[in-house]
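Have a look at the fold first, then read on.

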Amino acid sequence: MADRVGQQIGNYRLIRQLGQGGFSSVYLGEDTRSRKQVAIRLPGRGEDAEIFLDEVRAQALLTHPNIVQILEIGLEGDTAFIVEEFAPNGTLRQRHPKGTQLPLDTIIPYVRQVASALDYAHAQKIIHRDVKPENMLIGPNNEILLSDFGIAVSAPSISSPTITGPVAGSAAYMAPEQIHGKPRPASDQYSLGIVVYEWLSGKPPFQGSFMDMAYQHISTPPPFLREKVPGIPPAVEQVVMIALAKDPVQRFDSVETFANALREAHLASSAVLPATLPIKEAILSGSFGRKTLGAKALTIGRVEGNGLVIRDREVSRRQAEIRPAGQGYSIIDFDSMNGTYVNEQRIPSQTPYLLKTGDTIRMGKSKMTYEGAEVPASTERNKIENSAHLILRAGTGEVLQDYTLDKLEMNIGRAPNSDILLSKDKLTSRHHATVLYEDDRYSIRDERSANGTFVNAQRLDEGSTRVLQDGDHIGIGEHELIFQEPASSSVDIESMPTMTVSASNAAAMPYRTRADETAAPNEEYGTRSVERSDVQAQQEPASARSSPASPPGSVRPQAEKTELSLFAIANVMLDEGDIAFVGKMYTLQAGIARNKPDDFWGEPFELAVENVTEPITFDILLHESENIELITNWHRRLLYRPDDVEPQLATFRFQVVAPGKSLLVIDFYHERRWLRTMHFEFDAVEQSQHVPVSSEV
């Protein structure tokens with residue numbers, strides 16, 4: 001784009017260029033009427049003026065103190081222009097260059113402001129899709145202003161709840177579902193989680209080419225922050241890891257919930273225990289002998305590199321970790337294939353579980369015992385000495401669980417990090433309610449749950465708080481809990497009458513289930529078919545993409561395209577009965593074809609190309625379950641020739657290393673655009689234990 005400095009567009013004179021990207025250039029401008037400084041954004045070469053303006057109309061409707069305000073959208077002749085609020089202090093990327101590590105006291109105010117902006121945008125049914133430090137501007141009062149909604153998704157663009165589109169955003173910060181072309185509000189939370197990870201450690205968790213990062217976002221757990229920031233509080237690390245969950249349903253309910261959890265974890269860890277209370281050593285004993293636990297975390301898995309290696313095929317490569325927690329220790333499962341059990345109860349994955357002396361830990365077939373170093377109640381932070389209880393009761397009156405209300409705030413829900421976890425109830429929201437302790441009394445607050453919180457059969461207003469009295473019945477989803485004051489510990493809970501919610505206020509309610517909550521974002525938010533690469537914010541220059549010279553704002557002639565109807569195909573060659581034997585090598589073939597071969601699974605798709613005689617590049621990514629090891633590379637690039645009638649294939653080889661349910665997932669891409677995903681599920685067994693089915697003659 002030619003330099004426009006000194007020119008006037010509309011009522012604005014262009015003073016100097018602030019930045020330039022592939023799709024737009026940004027100038028410092030002056031309003032000739034008011035002499036006010038503004039930012040003027042002009043389209044790049046070949047950009048359609050109407051498309052350019054359409055992309056920011058959604059942002060123009062947003063009014064929030066932490067979102068850059070669009071002041072005017074205009075068209076002068078063939079030149080489109082956007083007038084924005086000018087942020088004079090640059091971007092957070094400029095203030096904190098790549099590689100900079102920031103303290104939590106600096107990070108948390110940034111995160112809270114960005115989270116507030118994102119939750120506001122989500123309430124307007126807009127997903128940003130490009131959250132990164134380059135798009136966080138610094139306003140005149142050092143407030144953070146979220147910018148560049150140019151690739152945002154807006155609800156009016158929906159044509160189908162399952163619509164998918166090209167990948168848009170910056171690869172280092174993209175959520176797994178965004179890479180698949182299906183963004184949702186939780187995708188912005190994931191991106192902000194990546195930003196927090198980068199600020200804490202100096203680098204984002206995943207690096208490399210686009211395909212390298214895409215694979216890592218989808219399949220690879222982020223490296224633990226403590227490996228890069230040894231002094232990071234475990235609670236802070238846990239909050240970041242929840243925001244970076246692969247499954248969007250497993251993240252926090254909202255971006256602000258993430259920001260608040262990060263702040264609370266930091267505040268809790270800032271209340272340092274006295275130096276006279278050092279970490280006590282404990283012992284882990286099992287078939288491996290006795291292992292002393294100290295100040296460092298102990299990772300457990302079946303491969304070398306773990307602190308404790310367990311040669312058990314039912315144990316994952318990186319199964320779990322035992323880490324210091326106050327003066328004791330907790331164990332955390334790393335989304336292992338077969339789970340981690342304490343006293344034969346499977347613990348939630350990615351959630352610390354506090355160990356007690358005598359606890360039996362089981363992973364696969366291997367058992368071990370934890371001895372010593374419990375956390376003394378008097379040393380735990382934010383604890384209440386004379387605590388009340390919540391009693392979870394079955395319909396028969398049987399006491400199922402006794403929860404001690406020993407923290408100032410305890411959340412109830414089915415999210416893995418809930419203090420009171422009700423994960424088996426589909427009618428319970430992820431963050432359903434919170435029990436609060438203040439001024440020597442307890443209260444309960446509904447957290448705008450889908451199906452409501454009931455006290456003595458009366459539904460609380462959304463977001464409202466009610467003081468609890470001894471014996472109050474609390475209804476959450478299908479569960480009944482009874483509040484018990486400390487002085488009433490002798491009351492026979494099982495003999496108390498069961499309180500049910502009356503049909504007039506609850507039974508007739510349109511309950512939402514977990515499946516509804518999972519599907520809802522895709523029903524409310526679609527994906528617009530506009531592909532963009534990284535567009536720099538106002539103050540950060542970037543190299544322009546090369547294209548033939550044409551007047552700014554003009555439309556470049558488009559070559560006529562041919563629509564191809566193709567199939568993504570795949571087939572995995574297993575043993576008879578579609579089973580795989582442990583230790584044996586197998587082959588998977590995946591590729592592109594005009595027609596689906598009889599012995600392949602196939603998914604059709606359409607692709608527009610300019611020249612049917614030139615090869616088309618496809619990328620095929622293979623993801624495997626924990627009990628499979630790839631012999632070949634996980635990524636294959638395929639040059640497909642449209643004039644060839646034969647299927648064109650890439651070959652992968654893999655070996656099964658442990659018995660159990662096995663999964664292979666194949667993703668097909670074209671020029672960073674996700675096309676199709678295919679799944680293969682099968683059983684892996686030990687060959688010595690397999691009994692073939694005999695056939696009658």
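## Strands, cores and a covered helix

Strand β35 and strand β40 (residues 648–656) pair up antiparallel, with eight bridges between them. Two strands count as paired here if DSSP finds at least two bridges between them. Strands are DSSP runs of E with at least two residues, helices are runs of H or I with at least four, and both are numbered from the N terminus. Keep in mind that this is a predicted model, where local features need pLDDT of at least 70 and side-chain atom pairs count only at pLDDT 80 or more, while totals for chains, interfaces and linings use all residues. Residues are numbered from 1 along each chain as its sequence is written, and side-chain values use heavy atoms, with hydrogens and water left out.

β35 (residues 585–593) also runs antiparallel to β33 (residues 562–573), joined to it by seven bridges. Here are the facing residues:

| Residue | Stands opposite |
|---|---|
| Ala590 in β35 | Ala570 |
| Ala590 | Ala650 in β40 |

Zooming out, the protein chain has ten helices and 42 strands. Of its 697 residues, 51% are buried, meaning under 20% relative accessible area with a 1.4 Å probe, protein chains only.

So what sits in the largest nonpolar core? This core has 66 residues, and Met136, Leu192, Trp199 and Leu262 have the most contacts inside it. A nonpolar core is a set of buried Ala, Val, Leu, Ile, Met, Phe, Trp, Tyr and Cys residues joined through side-chain atoms within 4.5 Å. Helix α3 (104–123) is one of the elements that supply at least two residues each, and α5 (185–201) and α8 (255–270) are also among them. α3 gives the largest share, ten residues. The core lies between domain 2 (90–155 + 169–271) and domain 5 (561–683), because both give residues to it; the domain bounds come from an automatic or database domain assignment.

Leu192 touches Val111, Val114, Ala115, Val131, Met136, Val255 and Phe258, leaving aside neighbours within four places in sequence. Contact means heavy atoms within 4.5 Å. Apart from this core lies another, of 35 residues, including Ala570, Leu588, Leu675 and Phe682.

Finally, α6 (210–219) is mostly covered, with eight of its ten residues buried. Those buried residues include Phe210, Met213, Tyr215 and Ile218. Among the elements covering them are α4 (176–179), α5, β37 (616–624), β39 (635–640) and β41 (660–670).

How values were computed: Buried means under 20% relative accessible area, exposed over 50%, partly exposed in between (1.4 Å probe, protein chains only).
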